[in-house]
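Here is a short tour of one model. Please keep the sequence and the 3D view open as you read.

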Amino acid sequence: LGGKLRDSLRKLQTGGHDVTKAQLQQILNEIARALMEADVNVKLVMTLRDKVQSKVEHLLRNEEDEEVTRRHSSNLSKTVQRAVVDELVALLSPGGDVKGAKKVYTMKRGKPNVILFLGLQGAGKTTTIAKFANYYQRRGWKTAMVCADTFRAGAFDQLKQNSTKLRVPFYGSYTEADPVIIAEKGVNQFIKERYEVIIVDTSGRHRQEEALFEEMQEIAAAVQPDNCVLVVDATQGQAVYDQALAFHNAVDVGSVIITKLDGHAKGGGALSAVSATKSPIIFLGSGEHFDDLEPFNAQSFVSKLLGFGDIRGLMDAMNSVSDGKSQEELMKKMSRGEFTLRDMYNQFSKVMNLGPMNKLMGMIPGMPDYLMPQGEESTHRLRKFMVMMDSMSNAELDGKVDLRTKYDPQVEKRIRRIAAGSGCHPNEVKMLLVVHKQFEGMVSKMGKSGMVGKNAQARQ
Ligand code: GDP
Ligand code: MG
């Protein structure tokens, strides 16, 4: 999401102590504008704005006692921020605030789950089907694919190639031109062979738009899918709502997958897709490789959308390698907005042990771009930072002495000592301190908004 929303939220933080109702209006308008710029559907933005406003006003009105009102006003920034986060998460959560929301379809073991993939040509269906098949096959499901895209030349070959790479069986035909017949034959064959996950690929394209939706209905009638998954290209922005609605009106969409979130997409289209189909997002696609598919988590998505970084994803990844207890303590500290150099050191050392650096680095909130490039290079930088921190005293690591004041001879002396001890230039130490400051700012922001700690867990 654009830096604008971050700016308006930051304004709340700094001006937090004397936010008046007029300022609240102004800030809500800014948030609304920022969400629209992030491709969130205009109607959704208005609903969200009203909900946040009434939530906040309700809170203020309920406080008759002036003393309490004053206390609440000083927390207004926090309240607004939290309300925005909560509303966005609710909009994205099945069974949440979306009227008539559907439950996530759960795959059943030992029986055929026929999954029909829908979406416009180029949305990423065939690519996502390969990722989806890979995901389930790896988890022990007997998986197969059916190619019912007879429109695009090479569609069958594309699926066949993926199928060979993944060792997932496929059904298709070079000669049969009727996608309905192929879909039906393929699905029936795989049901007979007791496949559990049977994925049907469709074309998403017809000579006429009406005919496309008719074709989808015919295929659906022929294969009786257990779940229809709509694949949505995140880069389509504001167009997503109408597209999703058109598919949903033709076929009973049950789940959504958003693709191409690795590019310049702003992510707001995800909210449109959920709203138009009343269906939950199940996965996000973030690249062209088979592994670039993540199960959807509303909390993580919203925190990324708002520019907080994917703290949940990062914590999950870190929990998988660290003992739960120290991580729990850290979460507690972070929820209070505390994050010392020593905490940063510990986090870096965990990240070093985790592998696929790039993905993880992307999850770290506030990670500056120059730390983001190629895995090797960023690992090297992290290691260098850790060597510098090794040359710090306990007091410095624990934030008990100031290392940030500029042009203070005492501070300069400490920085020179750390630089000498680690074989670095003093400017490199200063860069480390800048990185830490960014982390600290982000953590403090998250702590205040309740994005980390017990509450965030409970809301999951
Ligand atoms: P289909 O017409 O819906 O089957 O779309 P395809 O699966 O053929 O994908 C169209 C293009 O989008 C291909 O070049 C894919 O490599 C690309 N693509 C699909 N998903 C993603 C994604 O998550 N990220 C990126 N960067 N590209 C994607
Ligand atoms: Mg395709």
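In which sense do strand 2 and strand 4 pair, and over how many bridges? Strand 2 pairs with strand 4 (residues 197-201) in the parallel sense, over five bridges. Two strands count as paired if DSSP finds at least two bridges between them. Helices (H or I, at least four residues) and strands (E, at least two) are DSSP runs, numbered from the N terminus.

## Ground rules

This is a predicted model: local features need pLDDT of at least 70, side-chain atom pairs count only at pLDDT 80 or more, and totals for chains, interfaces and linings use all residues. Residues are numbered from 1 along each chain as its sequence is written, while chains are lettered from A and ligands numbered from 1 in the order in which they are written.

Eight strands make up an open sheet with mixed pairing, in the order 3-2-4-1-5-6-7-8. Its edges are strand 3 and strand 8 (293-295), each of which pairs on one side only.

Strand 2 (residues 143-147) is mostly covered, with five of its five residues buried; buried means 20 or more other C-beta atoms within 10 Å of the residue's own, exposed means 12 or fewer, and partly exposed lies in between, with C-beta atoms placed from the backbone. In a regular strand the side chains alternate between the two faces of the sheet. Here Thr-143, Met-145 and Cys-147 point one way from strand 2, Ala-144 and Val-146 point the other way, and all are buried.

Thr-143 has Val-197 of strand 4 as its bridge partner. Strand 2 also runs parallel to strand 3 (residues 170-171), joined by two bridges, and Met-145 has Phe-170 of strand 3 as its bridge partner. From strand 2 the chain passes through helix 7 (residues 155-166) to strand 3 in a right-handed β-α-β crossover (with the strands pointing away from the viewer, the path from the first strand over the helix to the second runs clockwise).

The axes of helix 10 (residues 240-250) and helix 11 (residues 269-277) come within 8 Å and cross at roughly 30°. Axes are lines fitted to C-alpha atoms, for helices over the stretch in contact, and angles run from 0 to 180 degrees between N-to-C directions. That makes helix 10 roughly parallel to helix 11 (angles under 35 degrees count as roughly parallel, over 145 as roughly antiparallel, 65 to 115 as roughly perpendicular and the rest as oblique).

Helix 12 (residues 298-305) is largely enclosed by the rest of the structure, because eight of its eight residues are buried. Among them are Phe-301, Val-302 and Leu-305, as well as Lys-304.

## Two residues with positive phi

Most residues other than glycine have a negative phi. Arg-194, in the loop between helix 8 (179-192) and strand 4, has a positive phi near 60°. Arg-194 counts as exposed because it has 10 C-beta neighbours inside 10 Å.

Lys-260 also has a positive phi near 60°, and lies in the loop between strand 6 (255-259) and helix 11. With 22 C-beta neighbours inside 10 Å, Lys-260 counts as buried.
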